[in-house]
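This briefing is for a reader who is new to the structure shown below. Please look through the sequence and the model before reading the points.

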Amino acid sequence: MNVAIVDYKSGNISSVINSFKEVAKDRVKIEVSSDLNKIKSSDKVVLPGQGSFKSCVDALNKIKGLTDTLNEFAITKKKPLLGICVGLQMFADVGYEETETKGLGWISGKVSKIDNQNGKFKLPHIGWNQINIVKESKIFKDIENNSHMYFVHSYEFIPNDKKVISATTDYSTNIVCSVEKENIFGTQFHPEKSDMIGLKIIDNFINL
Amino acid sequence: MLKNRIIPCLDVKNGRVVKGINFVDLKDAGDPVEQAKIYSDGGADEICFLDITASNENRDTIYDVVEKTSKKCFVPLTVGGGVRSVEDINKLLNCGADKVSINTAAVENSKVVIDSSKKFGSQCIVVAIDAKKNGDKWEVFTHGGRNNSGIDALEYAEQMEKNGAGELLVTSMDRDGTQVGYDIDLMSKISSKVNIPVIASGGVGNLDHLVDGIKLGKASAVLAASIFHYGKHSVKEAKDYLDSKGIPVRI
């Protein structure tokens, strides 16, 4: 089996690569690539994302044909895809970081700044927070409710259809921190930085 | 609920740990990778490396250390010391650092913080402020505490937030190495001034100091070096203690 981590030259993905390689060992091949054919032929795709919503969307669009390839992979062929952090946020129709920017539109909704209640809550939301699992998700197999995950973000994904939400976390409000819609998975937290419990989520995704 | 973080810091010189955990069963007490792994296995919320390599020809040793550590530790890794440019930051991130802390370069050239936070995102840019009290204010020092910039630390903190820093690592130079506790006044004043998280550093001698840093200093995270070295306290002991004092920690 092949898992492709999409390298679209946005932000630092070495931690994602290291964690997937640690979990995969020799049983699964981890490819790091922006090559469209490699992405097409892989069994699963990981879409990381760091920086702003706009910078990530711009970086995706800079690679000719990449968005189409991802659309074909996730929407037409319905193969498993995991978005991490801004990778998840880009599933939305639109994001409001820096300026209004169109997302991939895979899961209807928007990405807005977390309401910090006039400075009561510091932003970015950085550190370990507990997840509240609200629906069964395949990537949460053997993950206990209220497990701690590592977060770094100032914006949150607000999906229109609440049924896609698989977990939330409490920071100022109930922030959506994990979604599952058919073959599309996403985490706002960083499983690659969430110690052994995070690696378990990666393992679950690889084992889908 | 967001938990307060405990961050053990290791001083690394020429690729070797200078002070560190001194366990009898440790194979190589100078190996930063092994020490970092002990901390992360023990529940450290993040690991911090401070590179204190003095000579230029050995500066590349830190990249090798970061690369090896990031393949073994799956909690955030912050690296600081001698970071001069956007290119230095790029190299450290590519080696597997999750955040880079910038000290002297942030004072000398505001573009480093502005450009790097735009390029890599604020989440990986930590500005380290070394502050020393002078009368009723604090001044920012650079070059490992040798040079006084004369800049007011509170105003500087606010400016760094505007420039794009994701976090501030505030070290009291008056307290650093004294083990009498954080400069609570400094921490709480900076923390109230900015909207980004503050990591308190400098002066921890016992576990109550960690409690004070969070409760009184309003820090989001506490960084300590010597109390975790030589087995004085484990990270787990520190967390259990904070928990017993009603401070939310990841256990």
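The points below go from chain B as a whole to one of its helices, then to a helix pair and the contact between two chains.

The model is predicted. Chain B contains 9 helices and 11 strands. In the contact between the chains, 29 residues of chain A meet 27 residues of chain B.

**Chain B as a whole**
- With 9 helices and 11 strands in chain B, its radius of gyration is 17 Å, close to the 18 Å given by the globule rule for 251 residues, so chain B is as compact as a globular protein of that length.
- The C-alpha trace of chain B spans about 45 × 45 × 35 Å along its principal axes.
- Of the 251 residues in chain B, 54% are buried.
- When contacts in chain B between residues at least 6 apart in sequence are considered, 65% of them join residues at least 24 apart.

**The buried side of helix α7(B)**
- The buried residues in α7(B) are Ile184(B), Leu186(B), Met187(B), Ile190(B) and Ser191(B).
- These residues lie on the same side of α7(B), because they cover an arc of only 165 degrees around the axis.
- An α-helix has 3.6 residues a turn, so residues three or four places apart point the same way.
- The cover over the buried residues of α7(B) includes the strands β6 (125–134), β7 (137–142), β9 (167–172) and β10 (198–201) of chain B.
- Helices α6 and α8 (207–215) of chain B are also among the elements that cover them.

**Helices α6(B) and α7(B)**
- Two packed helices are described by the angle between their axes and the distance between the axes.
- Helix α6 (residues 153–163) and helix α7 (residues 184–193), both of chain B, have axes that come within 9 Å and cross at roughly 35 degrees.
- The crossing of α6(B) with α7(B) is right-handed.
- On α6(B), the contact is made by Ala153(B), Leu154(B), Ala157(B) and Glu158(B), and on α7(B) by Lys189(B), Ile190(B) and Lys193(B).
- This contact has 4 nonpolar and 3 charged residues, and no polar ones.

**Contact between chains A and B**
- The contact joins 29 residues of chain A to 27 residues of chain B.
- On the chain A side, α1 (14–24), β8 (125–133), β9 (148–153), β11 (165–171) and α6 (195–206) each supply at least two residues.
- The most is given by β8(A), with 6 residues.
- By class, this side of chain A has 8 nonpolar, 16 polar and 5 charged residues.

Notes
Residues are numbered from 1 along each chain as its sequence is written. Chains are lettered from A and ligands numbered from 1 in the order in which they are written. This is a predicted model: local features need pLDDT of at least 70, side-chain atom pairs count only at pLDDT 80 or more; totals for chains, interfaces and linings use all residues. Axes are lines fitted to C-alpha atoms, for helices over the stretch in contact, and angles run from 0 to 180 degrees between N-to-C directions. Helices (H or I, at least four residues) and strands (E, at least two) are DSSP runs, numbered from the N terminus. A crossing is left-handed if the near helix is turned anticlockwise from the far one by less than a right angle, and right-handed if clockwise. Two residues are in contact if their C-beta atoms, placed from the backbone, lie within 7 Å. Ala, Val, Leu, Ile, Met, Phe, Trp, Tyr, Cys and Pro count as nonpolar, Asp, Glu, Lys and Arg as charged, and the others, Gly among them, as polar. A residue is buried if 20 or more other C-beta atoms lie within 10 Å of its own, exposed if 12 or fewer, and partly exposed in between; C-beta atoms are placed from the backbone. The arc is that of the directions from the helix axis to the C-beta atoms. The radius of gyration is taken over C-alpha atoms; the globule rule is 2.2 Å times the number of residues to the power 0.38.
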